Amino acid sequence: VSELLGQVVQQDQVVQQAALDAAERAAREEGAAEARAAAEAGEAAGEAEAGQAEAGQLAQLRGELQRMGEYAAELAEFRSVEGEAQAQAQAEHSRLLAQAAASEEEVASLHKEVARLPLCVAQM
């Protein structure tokens, strides 16, 4: 009986030791799982911050692109007005050249008439 009692006590100690080992292993695994979860949460937070930063940069770029589009529209309008002004200036220049040519012809005609005046006066 004492031998059986010794074996029971020994088995009880083995079972208790196995239970302690299992509890320690479970605690280590639980701690490791918590550490992994915390690390993953930190990574997710970092990725979220990076995503927010990228979203901010994209919003800034959209704003800049919109302003560039507005500038391009203003430039196109300016060029259109500039083109119209150049066309009007060219038309005015051509009109003045034609007027000058007509005036030169008229002056030449008047010179011819003035040159004939002494002959006309002599004939009278």
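Residues are numbered from 1 along each chain as its sequence is written. Because the model is predicted, local features need pLDDT of at least 70 and side-chain atom pairs count only at pLDDT 80 or more, while totals for chains, interfaces and linings use all residues; side-chain values use heavy atoms, with hydrogens and water left out.

**Overall form**

Along the principal axes, the C-alpha trace spans about 180 × 15 × 10 Å.

**Helix H1**

Helix H1 covers residues 2–123. From first to last C-alpha, its 122 residues reach 178 Å, close to the 182 Å expected at 1.5 Å a residue (the expected span is 1.5 Å times one less than the number of residues). At Leu 117 the helix bends by about 35°, and Pro 118 follows within four residues. The bend is the angle between axes fitted to the seven residues ending at a residue and the seven starting there. Ala 100, also in H1, is 35 residues from Leu 65 in sequence and 51 Å from Leu 65 in space, C-alpha to C-alpha.

**Surface and salt bridge**

Of the 124 residues, 1% count as buried (under 20% relative accessible area; exposed is over 50% and partly exposed lies in between, with a 1.4 Å probe and protein chains only). The chain exposes about 10,900 Å², of which carbon and sulfur atoms supply 59%; areas come from the Shrake-Rupley method with a 1.4 Å probe.

A search of the whole structure finds one salt bridge, defined as a side-chain nitrogen of Lys or Arg within 4 Å of a carboxyl oxygen of Asp or Glu. Arg 95 and Glu 92 form this contact at 2.5 Å, N to O. Both residues lie in H1, three residues apart, about one turn of the helix.

| Residue | Relative accessible area | Class |
|---|---|---|
| Arg 95 | 43% | partly exposed |
| Glu 92 | 35% | partly exposed |
| Ala 100 | 36% | partly exposed |

Notes: Helix = DSSP H or I, 4+ residues; strand = E, 2+ residues; numbered from the N terminus.
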